[in-house]
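I opened my notebook to look through a structure with several chains. I wanted plain answers on how its parts sit together.

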Amino acid sequence: MKEFASKLFNKLDQRIIRYVLPSLISIVILSIPLINSPQKNLWVRIIGYAGLYIILGLGLLVHVGLAGMFDLGFAAFYAIGAYTYAFLASPHFNIHLPFLLVLVLAGSFAAIVGLLICIPVLKLRGDYLGIVTLGFGEIVRMLLMNLTNITNGSQGIFKLDKPSILVMTFTSGTFFYYFIFILVALLLFLLNRVINSRTGRAWLAMREDEDVAQMSGINTSKYKLLAFALGAFIGGMGGAIFASWQGSIFPDNFNMNVSINILCVIILGGLGNQFGVILGAMALIALPDILRGFSDYRMIIFGLLLIIMMILQPQGFLPRKAPELENKVLKQGKKKKEVQS
Amino acid sequence: MQKLIEQLINGMTVGSFYALIALGYTMVYGVLSMINFAHGDIFMVGAYFGCFTITQLSASGFTQAHPILAIIFTFLAGALGSALTGITVERLAYRPLRKASRLATLISAIGTSIFLQEFVRLIPKFGSSIASIHFGEKNLFPESWSTAITNVTKTFGGAMVKTYPGVLGTAGIKLGEIAISYSRILILAIAIVFMVLLYLLVRLTKIGKAMRAVSEDKDTASLMGINVNRIISNTFFIGSALAGIAGVMMGLFYLQIRPTMGFTPGIKAFTAAVVGGIGNIPGAMLGGYILGLAEVISIQFLPAVYKDIVAFTILIVMLIFKPTGILGGSGGKNKL
Amino acid sequence: MSKRFFVISTLTIAMVLFAACGGAAPAEEPAQADEAEAAESVAADEWGNIVVPAGEKVVLGLSSALSAGYAAYGQDMLNGATVAVQTFGDLNGWEVSVEGGDDQCEGAPGVTVAEQFSANPYLLGVVGPMCSGTVVPAMDVYGENHVMMITPSSTAVAVTAAGYENIFRIVANDDLQAQVAVDYLFNELGITTLGIVHDQSIYGEGIAQAVQSKFEAVGGTVTGFEGITRGDTDFSAVVSTMLAGNPAAIYWGGMDAEGALLVNQLRAAGFEGVYFGPDGIKSIPSFVEASGGAAEGAYMTFGAVGGATGYDEFLATFTSQFGDPVAYGPGSYDAAMIMLNAAKAVSYVDDDGNLVIPKKALADMVRATPYDGITGHLEFDENGDLKVVSITVFQAQGSELVPVKVYDFGG
Amino acid sequence: MNIISSSNVTKRFGGLEAIRNLDVEISEASITSVIGPNGAGKTTFFNCITGYYKPEFGNILFLEKEITGLPPHRIAEEGISRTYQNIRLFNSLTVIENILAGEHTKLHCSFADSLIASKRYRMEETESIKRAKEILSFVGLSGCGDQLACNLAYGAQRRLEIARAIANSPKVLLLDEPTAGMNPSETVEMIKLIRRLRDKLNITIILIEHDIKLVMEISEKIIVLDFGSKIAEGKPLEIQNDPTVIEAYLGKKNSLYQ
């Protein structure tokens, strides 16, 4: 009896974690822009911006969290995406392609560049890969800064198109807010599938032990390239959204601190857990804005919090929770038997 | 031609800074295999300690009387200040994470870096608020104390650029067409002396051997009766002291220091350490000078703005052909 | 596993579709995404009113870098505005408080600060943002929310070109500063060969480019145009490439920290010509001190003339609390004063005892009424730029910055 | 017939030759032991077969097919898998995930499949998990499938390593000191397991082992390496009585039975 009760409770517990909590969170997130208060735009801005970092975080998660490729230059893909948008949807070259198309193009272009940088460094590991990506990130930023006749250099590009889907043109932050979180949901959904697939397990195996992974028949080069391209693609899309949201971009928007911030997001959230990224982004991007009350003490407090959070939760908020496959299969097996009988 | 030689000397100067800072990175990496992201800011702290000392000495007229001594004291102050900061940081921010993933430590280091920068910037504010602590009507400190606190903190840090008194001057020697300022020579000399000292320390002394043992394998080392924690603290002490010396050198040579001065040299030094093969002490020195020279040489052929692009490209190309750095061993196999 | 995502995502889509109806509405006309009270008093003022109940404080926003790299300047601006509020006293009986927003001199945080201020119903207006890189993205938010914005420091031409009626600037833009610099170099000092170094920032490179084109226009020759990296300390390589062209003068486009390093290393390398910079290097004491004496004789342009009417009183109050002003403190003081005066003029107390400040009227008042501030005579044209801009050329003599020539434009 | 045959394989590290002109013939479905003093080049030989090292000279045939210099993952696809002297599991993955990762070459659904959750993807997932469970019970680990690999007991980790190795149903399995550090009872279990691998799954076994008792008991053929070259080869009894072996490796005869 008692056993039964505890079982039941566990079941409920499971349910809550699986369905109720996420739904609640999504309801809260989605209803923020609906509250009619002067604070609305501010919160749409802060949470929406955190949402943008969730997207970027998911991109970097593929690099670092899944494939175990230390990437300190993720801002490069962010920048490439943003500038692709600026080139293809602004008066700069007087090209005005539709928003969604440019979004995909930005991602693809970032992915291609990602492949190009990844191919020569396939053999590099750990911090050596980290420093190469760091250098790559800086190189991209400096090229944006100095190829003046293409990128308009440090003076940036203004008056980027506001996104227009079909006939509607959107100017409000609310649009970006919803767009970003739809994309987040979509990415979470797809990434989750990928992680629990042959591909995802190949990545995880690679992250754990590259040699063994390869001697178990995993073509590590192929999967590294795939991971790098996928991450870059997501980063590029994030860049395009950022560009269209801010309406003007400068090379300085993509300095090394951005890469470091994104890295903090995923590690704080919990490496290898795509839901951790949400918490990480909220904590890291929204926090400084929430700390604004402390005016010029906020950054020092932020620094302290980083240290403390890491010491209290070295695994991050949500460490990776492996799926319970063995039991799952048992269930299915039973079902099959029932069908047969 | 003589332009080029002057450039090379400039490159060596810059390289000296990179090399000295890179040593700290590489030593810490050796024993903890972690990237001490706050190292650049420990370097900055050293510069501030030095600045405070030499400004006080100059105010009291000591510098004018015994310039050499004053400079030595400044170096001592800088080195000590950094060293103490270094071991404190290790104790509070890194040691609790010894068992955690290296990325967790990295984040902690980033937090430390932000903290140190902002702390140095806000010191005067803290000072004045401490000075004005009062319970009801009664002040905690007597008038003289509180003013002292306020002044000390004001002269130590703050958001504004701080400046070293120009004790080195711009005098120099002329070898035919080539002009070299004494200060550059001094910096090169100091840097090289300290690197040689460090190398000997690590090669010959007992503590050096212990360090190498720890960097090979902590557990075995502790089984051999080595106090790993103490060795790690020592490593941080030495590495940070070197960074402090670099900080003072930078202050003496370029005069101005600011809370954010640590970032760029930090990144460059880290790069240098990797180029040389991270965890490898001669490698760090080599890497530092390679990077310094690469920057100035690139300017001979390209606009100055491409300097860093060239530096990083060299880095990438070098790592593609030598994936563990010039003198690096199997360090590349480190997992995240 | 994927079941749960199905649940969530369908839920998401549903919520969004439902929200889109609500969400798209403000999309068409952002004006409605304004405070609640906008609705009731639209008749009085097309931009709506700022309504401050009795007992509440009127808030004066200040957007600048209060942490990290440029905190020194940002803090200076905050201090300037604070002094302004102290000297101005109460606004028709309502207390005024200064609220600092830390934009770190970057775009994204700047926009957030803008949203934060726009969301504050008791906000009178915003002084700043400090940096051009912040103003450009942030001004759309201020513009669309009709929040009065006066920047005392951002010199980018784009700022007032956007055509928002509620955005003003009380400092000369890059073009004018460049014009003055070139005129003084070419005509006063008779310099025909100029080397230009910039810090690759929006501000520094912007003004450097303006100087380059204008100097070539008047017939001078630019012997070199190089950029340095902010945060670097050794520019000797750039210096020697610069001196290779042996120019009679070097123009520096950037801030004081690197500017001081540069002039120091130029002199050390034996450069005896003129050193000239924009308002970014007119900071006491850091530029002169940090250069270790090398800045002696260097020239710089600055919009604000210290020593105008009331400057000494300002200086007294300022230094007694914060020490010497760094750079934009006085400008920030004037910007705040302009707002407060205009607010005093247009505001009234309604029947419910609330202080009412009509936004459009406020903007019009600011544009209409000239103001004699401590940085000179300030009068706006229709773009929100100063009608009469006086730019002063300063020279570093000893540890002082001495005005040597005043240029007046327009008027 | 020979499933693996190497002819004068040579691998150098700088100056020293880890293995010198090694000719080895492994017949199908046999259990072969490679023994020799430390540093005799046993593991190097494994690394050459699995493609981790590329030998300077010589070639290795797998079922009459040249595999020398193929990248490791290709060789694994051909059907050669291995375990490691110091256990190397995917520690922060669960036991089942380890096996699923091992199944990699048997599965075919692509990245795109998993994105759109195609029929193939869904079927393969269920299939692979079922197979993984069978393997679990085969090596006697059923029940701890959802534990993290690093939380398993030592012996269990050894077995999991084998489970992962046989997950892509290889033809040849290289075991690098499978019983190292095991207590007698665990060793007995391991011997049984190895036998079953051969008898039930018909996998050719090559193992490196220091435990001579085990070697004599289990292997049908023994290859003795010393300083990188083969000094003897044959049935256990022949090896026991081979003077060169006794000379070079076993020292005194009776030490065999200690």
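These are my entries, one topic at a time.

**Ground rules.** I am looking at a predicted model, where local features need pLDDT of at least 70, side-chain atom pairs count only at pLDDT 80 or more, and totals for chains, interfaces and linings use all residues. Residues are numbered from 1 along each chain as its sequence is written, and chains are lettered from A and ligands numbered from 1 in the order in which they are written.

**Who touches whom.** I call two residues in contact if their C-beta atoms, placed from the backbone, lie within 7 Å. Of the five pairs of chains in contact, A and C share the most contacts. Chains B and D have no contact, and their closest C-alpha atoms are 12 Å apart.

**B against A.** I found 38 residues of chain B in contact with 36 residues of chain A. On the chain B side, helices H5 (102–131), H11 (263–276) and H13 (307–321) each give two or more residues. H5(B) gives the largest share, 12 residues. Helices here are DSSP runs (H or I, at least four residues), strands are E runs of at least two, and both are numbered from the N terminus. By class, this side of chain B has 25 nonpolar, nine polar and four charged residues. Nonpolar covers Ala, Val, Leu, Ile, Met, Phe, Trp, Tyr, Cys and Pro; charged covers Asp, Glu, Lys and Arg; the others, Gly among them, are polar.

**Chain D.** I looked up its make-up: 10 helices and 10 strands. The C-alpha atoms of chain D fill a box of roughly 65 × 40 × 35 Å along the principal axes. Of its 258 residues, 45% count as buried. Buried means 20 or more other C-beta atoms within 10 Å of a residue's own, exposed means 12 or fewer, and partly exposed is in between, with C-beta atoms placed from the backbone.

Most residues other than glycine have a negative phi, and most peptide bonds are trans. Gly128(C) and Pro129(C) are joined by a cis peptide bond, with omega about -10°. Pro129(C) sits in the loop between strand S4 (123–127) and helix H4 (132–144) of chain C.

Which residue has a positive phi of about 60° although it is not a glycine? I noted Gln200(C), in the loop between strand S7 (193–198) and helix H7 (202–217) of chain C. Gln200(C) has 23 C-beta neighbours inside 10 Å, so it counts as buried. Asn152(A) also has a positive phi, near 60°, but with 17 C-beta neighbours inside 10 Å it counts as partly exposed.
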